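Please look over the sequence and the model shown here before reading on.

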Amino acid sequence: RSALALERQKLKRLKTTPAATLDGTAVELQANIELPEDIHAALDAGATGVGLFRSEFLFLNRGDLPSEDEQFEAYRTVAAAMEGRPVTIRTLDLGADKTIGAMDFAGPNPALGLRAIRLCLAEPQLFLKQLRAILRASHYGKVRILLPMLAHAHEIEHALTMVSQAKGMLDLQGVPYDKAIEIGGMIEVPAAALALPMFVKKLDFLSIGTNDLIQYTLAIDRTDEHVAHLYEPLHPAVLYLIANTIRTAARAEVPVAVCGEMAGETELTRLLLGFGLRQFSMHPAHLLAVKQQVLRTVLEEAEAGANRILRSTEPERIHQLLAKLNDAA
Ligand code: PEP
Ligand code: MG
């Protein structure tokens, strides 16, 4: 048998082991999913919840828009399958690289255009339909709402008002839903990471979308191969924004997760733990390897290493310090 198969078998044994650092600090490892059928992979990997359900995938690769009932069925399936563990449904993140034929909204610069929450607030009927579907599903499990690409306070307020409106419509029809449903926001625009007090005040939880946070901080299009070499998660500006977000949220006692690709990279697990991160959400394929890394981490060492990395300004030094942090037994 190949070494790879052996390693995979070893990791599988970790499925039911709770994720905790060597000193016993518990860590949540959740799954990112795109369609309801991905829930099997999430459960197989022992995910303790769905940290990111990219709901826009229900809208892609088809000529029409999914109805409220179709969306409800998809969200309910996932909520029920997770049996009370949190299911974080991100509202539509269409636009930029994820466009659909049924709606044409690509402006001159799609990544900076009518994308995600901006599109939803501009299309209230579309948004209300999704919010009603999510709220209806919240009766069948622990569902949370996650708003993508927030930058302004008024976007949060507007979205919260629309959630209230959707609740009011269901109340009138006597349809059950979780009245205490939590509403969180994605931190993926530098403005949000820099003006965090505005966000922690208005939201129940945060999730850092490092894929977009890197794109917007470094001004490089994620989808443009000509600048792919400039996409650098370890850029000091990116690390500063991530660490600042985690620490500010912790001080305000607002739960914070990372759901971008960085959460699934084992070379970054100790660094993120050292920043204070306790909730990771990633592609299910990475979950057990990240768990193994968590189980091998001494938190105090991770914190010391993360602080050293945050204080360095030399890219080469940052890479050296990270390698050293990861080499520690
Ligand atoms: C992110 O930006 O990090 C994220 C998780 O969202 P997406 O990759 O779907 O844009
Ligand atoms: Mg994103």
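**Reading the model**

Glu300 counts as exposed because its relative accessibility is 66%; exposed means over 50% relative accessible area, buried under 20% and partly exposed in between, with a 1.4 Å probe and protein chains only. Glu300 sits in helix α13, residues 299-311. Helices (H or I, at least four residues) and strands (E, at least two) are DSSP runs, numbered from the N terminus.

The model is predicted: local features need pLDDT of at least 70 and side-chain atom pairs count only at pLDDT 80 or more, while totals for chains, interfaces and linings use all residues. Residues are numbered from 1 along each chain as its sequence is written, chains are lettered from A and ligands numbered from 1 in the order in which they are written, and side-chain values use heavy atoms, with hydrogens and water left out.

Together with Asp23, Glu301 and Glu303, Glu300 forms a negative surface patch. Patches are made of residues with over 30% relative accessible area and no salt bridge, like charges being joined within 9 Å and nonpolar side chains (Val, Leu, Ile, Met, Phe, Trp, Tyr) within 5 Å. A salt bridge is a side-chain nitrogen of Lys or Arg within 4 Å of a carboxyl oxygen of Asp or Glu.

Positive charge gathers on the surface too, in a patch of Arg308, Arg311, Arg317 and Lys324. Helices α13 and α14 (315-327) are the elements that give two or more residues to this positive patch. Arg311 belongs to helix α13 and is exposed, with a relative accessible area of 64%.

Glu188 and Asp212 are both buried.

Backbone angles come last. Most residues other than glycine have a negative phi. Asn61, not a glycine, has a positive phi of about 55 degrees. Asn61 is in the loop between β2 (50-54) and α3 (68-81) and is exposed, at 81% relative accessible area. Glu83, also not a glycine, has a positive phi of about 45 degrees. The loop between α3 and β3 (86-90) contains Glu83, which is exposed with a relative accessible area of 65%.

Conventions: Accessible areas come from the Shrake-Rupley method with a 1.4 Å probe; for residues, only the protein chains shown count as cover. Lys and Arg count as positive and Asp and Glu as negative; His and the chain ends are not counted. The place of a charge is taken as NZ of Lys, CZ of Arg, CG of Asp or CD of Glu.
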